[in-house]
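Biologist: Please take a close look at one part for me, the domain interface. What holds there, and which pieces take part?

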Amino acid sequence: MIDLVAAARPNFMKIAPVLRAMEASGCGLSARIVHTGQHYDEGMSDVFFRDLGIREPDVHLGVGSGTHGVQTGRVLAAYEGHLLSASPRPAVTVVVGDVNSTMACALAAVKLEVPVAHVEAGLRSFDRSMPEEINRLVTDAVAELLLVSEPAGEENLRKEGIADGRIVYVGNVMIDTLMAELPAAKALGAPSARGLDEGSYAYVTLHRPSNVDEPARLVEVLSLLEAAASRLPVAFPVHPRTRARLEAAGLWSRASRAAGLRLFEPLSYREALGLMASARFVLTDSGGIQEETTVLGVPCLTLRPNTERPVTVSQGTNTVIGEDTSRALAFVEEILAGRYKPGQPIAGWDGHAAERVVAALVERYGS
Ligand code: UD1
């Protein structure tokens with residue numbers, strides 16, 4: 001028995017293919033889905049389970065939102081409680097990504113001597129002001145099996161002294177989901193349903209504390225969106241955190257009224273993928289979207305000072321803009337003028353990463 005931890009929106013597309021690959025392999029391992037409840041809304045959680053065909057969680061910890069300490073602490077205590085009474089006890093706890101629940105479940109497991117496997121190990125932004133960077137460092141420090149998605153991951157783990165035998169390059173499970181879902185996503189016709197012409201709008205997602213938490217920065221970011229929206233329509237599904245900050249800063253009505261800026265509720269996986277796939281470019285501070293745009297061949301401008309996913313810059317379609325919004329606008333003009341790098345395929349981002357995850361789990365924990 002394997003515990004597979006689901007928790008927050010970016011994790012659902014990472015666990016779906018692992019579950020599918022485990023069932024298809026006939027390997028005899030079975031998975032218990034543990035949803036921590038870090039994300040709990042219909043739009044942030046339930047719709048992803050339905051769209052991605054993930055069965056109901058076997059265990060729901062129901063932790064909800066809170067400050068970092070409170071949220072992490074609740075997951076740690078609740079998952080420990082589950083492990084103490086779980087029958088059977090898992091042979092391994094599999095955690096994915098870098099959210100608070102990833103780190104908390106890894107800590108609870110390892111303290112009870114349940115080994116931890118980390119999918120998407122080794123990514124480093126080298127920016128400890130990002131909560132996710134702390135989560136990555138702690139999770140990798142306690143995990144036994146480090147399943148890596150991009151070349152930098154291997155390099156970072158080696159530099160941190162992790163033995164080669166614990167590191168396996170499996171590729172990118174999120175791309176498995178993208179490739180499986182792209183036909184259905186395109187069939188939805190999301191752009192025209194939203195009144196957008198294919199290839200001639202921008203798609204925006206922003207939710208990082210560094211872009212949305214400080215009102216002064218939020219004004220800069222909103223001004224950037226207004227400037228971009230004066231050049232082409234901008235589709236912006238607003239994350240709950242971002243919406244709350246816009247409202248608190250008194251900026252929601254300005255954003256709603258901006259010409260060309262189209263605000264949406266959080267979207268389902270397929271609708272988001274369909275809109276991204278046909279966008280002229282994407283502007284984001286998400287981690288996963290830097291990877292998805294690379295595979296889709298869509299230019300991506302990342303509004304952050306760094307990335308933990310450098311292969312998307314060196315080989316893909318991503319550019320790390322930094323915080324300078326005028327630099328972002330200069331790139332927008334380059335893209336609209338047809339001058340932007342095309343990107344190339346990346347090893348292991350091939351739709352079969354989850355099969356390699358399962359093979360690595362079976363090899364170590366199969367009996
Ligand atoms: C978290 C992850 C981040 C990931 C992001 C994707 C951490 C440290 N951060 O950030 O890596 O990119 O999820 O969404 O784990 N809320 C709702 N409904 C929900 C969930 C949250 O309304 O279902 C609201 C709550 O007001 C909450 C806020 O969104 O306070 C932020 O949610 P939280 O999970 O704490 O962090 P994210 O910013 O979503």
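Modeller: A polar contact is a pair of N or O atoms within 3.5 Å; within protein, one must be able to donate a hydrogen and the other to accept it, and residues adjacent in sequence count only if both atoms are side-chain atoms. Between domain 1 and domain 2, seven residue pairs are in polar contact, both residues at pLDDT 80 or more. The model is predicted: local features need pLDDT of at least 70, side-chain atom pairs count only at pLDDT 80 or more, and totals for chains, interfaces and linings use all residues. Residues are numbered from 1 along each chain as its sequence is written, and side-chain values use heavy atoms, without hydrogens or water.

Now the partners. Domain 1 covers 2-172 + 349-365, and domain 2 covers 180-336 (bounds from an automatic or database domain assignment). Their C-alpha centres lie 26 Å apart.

On domain 1, Asp 51, Glu 150 and Trp 349 supply 28% of the area buried against domain 2, more than any other three residues.

Glu 308 forms a salt bridge with Arg 136, with the closest N and O atoms 3.3 Å apart.

Note on methods. Buried area is the accessible area (1.4 Å probe) that two parts lose on being put together, summed over both. A salt bridge is a side-chain nitrogen of Lys or Arg within 4 Å of a carboxyl oxygen of Asp or Glu.
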